[in-house]
Amino acid sequence: MTQTRVTRAERQAQTRGRLIDVAKEMFLRDGYAATSLDKVALEAGFSKGAVYSNFAGKEELCLAVLDLIHAEKVRGVREAFTREADLEAQLKAFADWAHDGLGEPRWTALEVEFGAVARHNEWVAAELVTRHREIREAIGQLIEYVVEEAGLTSRLPVPTAAAALLSLGVGLGALRSLDAQVDVGVFTDVMRALIPPADTDAPA
């Protein structure tokens with residue numbers, strides 16, 4: 001019986017993962033409005049019932065897709081700043097990531113299109129707020145880690161710095177989705193401004 005339950009749980013997890021992967025590609029390729037649950041189910045090789053057994057509706061499926069994308073982006077930033085290197089090398093690694101990972105047009109378009117759904121859906125709005133807060137918290141934890149490892153301090157309170165960097169990232173991402181020539185170097189310049197040199201007696 002236990003083995004049967006485990007097998008069913010694993011099968012459901014595989015189905016859910018497959019649906020998220022397929023929906024991700026379709027949402028990015030065709031947009032949120034043009035992608036229906038029927039189309040996702042057909043493309044993934046499942047019935048529509050399989051979709052509803054894993055997700056309450058298209059909104060929940062899209063949130064799962066955005067969670068996957070956000071996790072990929074946060075992981076890329078974390079990898080840049082947790083590598084064995086000095087702060088300048090970490091900033092260089094982050095700049096390299098930002099050049100390729102910030103402002104991808106299809107991702108930005110999906111974020112904007114789905115964000116518009118929140119205007120008419122209080123549940124979606126609340127879920128997006130929760131996720132944005134979680135991302136800010138993750139950025140704040142990364143800032144604390146970076147400055148502690150470097151023996152430095154932040155010129156701004158960590159929550160303020162995290163909110164500023166997230167806002168800058170969103171803004172630069174939107175600009176780069178329209179104009180790939182927008183310089184992401186401003187991101188690392190701002191980060192350098194937030195973290196003073198080791199011999200500067202800056203307030204925490």
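Read along its sequence, the protein chain follows the pattern α-α-α-α-α-α-α-α-α. The model discussed here is predicted.

Biologist: How many helices and how many strands does the protein chain have?

Modeller: The pattern read along the sequence is α-α-α-α-α-α-α-α-α. Counted by type of element, the protein chain comes to zero strands and nine helices.

Biologist: What box do the C-alpha atoms of the protein chain fill, and what share of its contacts joins residues 24 or more positions apart?

Modeller: Taken along the principal axes, the C-alpha atoms fill a box of roughly 60 × 45 × 30 Å. Among contacts in the protein chain with a separation of 6 or more, those between residues 24 or more positions apart account for 69%.

Biologist: Is α4 parallel, antiparallel, perpendicular or oblique to α6?

Modeller: Helix α4, residues 58–81, packs against helix α6, residues 105–117, at an angle of about 140 degrees, and their axes lie 12 Å apart. Roughly antiparallel would require an angle over 145 degrees, and the relation of α4 to α6 is therefore oblique.

Biologist: Is the crossing of α4 and α6 left-handed or right-handed, and which residues of α6 meet α4?

Modeller: The crossing of these two helices, α4 and α6, is left-handed. On the α4 side the contact involves Glu59, Cys62, Leu63, Val65, Leu66, Ile69, His70 and Lys73, which meet, in α6, Trp107, Leu110, Glu111 and Phe114. By class, the residues of this contact of α4 with α6 are eight nonpolar, one polar and three charged.

Biologist: Is α8 roughly parallel or roughly antiparallel to α9?

Modeller: The axes of helix α8, residues 158–178, and helix α9, residues 185–194, cross at roughly 170 degrees and come within 11 Å. Since angles over 145 degrees count as roughly antiparallel, the relation of α8 to α9 is roughly antiparallel.

Biologist: How does α5 lie against α9, roughly parallel or roughly antiparallel, and is the crossing left-handed or right-handed?

Modeller: The axes of α5 and α9 are 9 Å apart, and the two helices pack at an angle of about 150 degrees. That angle makes α5 roughly antiparallel to α9, and the crossing in which α5 passes α9 is right-handed.

Biologist: Which residues of α9 make the contact with α5?

Modeller: By class, the contact of α5 with α9 comprises five nonpolar, one polar and two charged residues. Glu88, Leu91, Phe94 and Ala95 make it from α5, and the residues of α9 are Phe187, Thr188, Met191 and Arg192.

Biologist: Which residues of α9 are buried, and what covers them?

Modeller: Within α9, the buried residues are Gly185, Phe187, Thr188, Met191 and Leu194. Their cover includes α4, α5 and α8.

Biologist: Why does Gln90 count as buried, and what does it contact?

Modeller: Gln90 is found in helix α5, residues 87–101, and it counts as buried because its relative accessibility is 9%. Leaving aside neighbours within four places in sequence, the contacts of Gln90 are Ala80, Phe81, Arg83, Ala85 and Val146.

Biologist: Where is Phe46, and which residues does it touch?

Modeller: Phe46 is found in the loop between α2, residues 37–44, and α3, residues 48–52, and at 29% relative accessibility it counts as partly exposed. Not counting residues up to four places away in sequence, Phe46 touches Thr15, Arg18, Leu19 and Ala41.

Biologist: How far apart in space are Glu134 and Ala116, C-alpha to C-alpha?

Modeller: Glu134 has its place in helix α7, residues 122–150, and is partly exposed, with a relative accessible area of 48%. In sequence, Glu134 and Ala116 are 18 residues apart, and in space their C-alpha to C-alpha distance is 20 Å.

Terms used
Residues numbered from 1 in each chain as written. Predicted model: local features only at pLDDT ≥ 70, side-chain atom pairs only at ≥ 80, totals over all residues. Heavy atoms only, no water. Axes fitted to C-alpha atoms, helices over the stretch in contact; angles between N-to-C directions. Helix = DSSP H or I, 4+ residues; strand = E, 2+ residues; numbered from the N terminus. Parallel < 35°, antiparallel > 145°, perpendicular 65-115°, else oblique. Left-handed = near helix turned anticlockwise from the far one by under 90°. Contact = heavy atoms within 4.5 Å. Nonpolar A, V, L, I, M, F, W, Y, C, P; charged D, E, K, R; others polar. Buried < 20%, exposed > 50% of the residue type's maximum accessible area, 1.4 Å probe, protein only.
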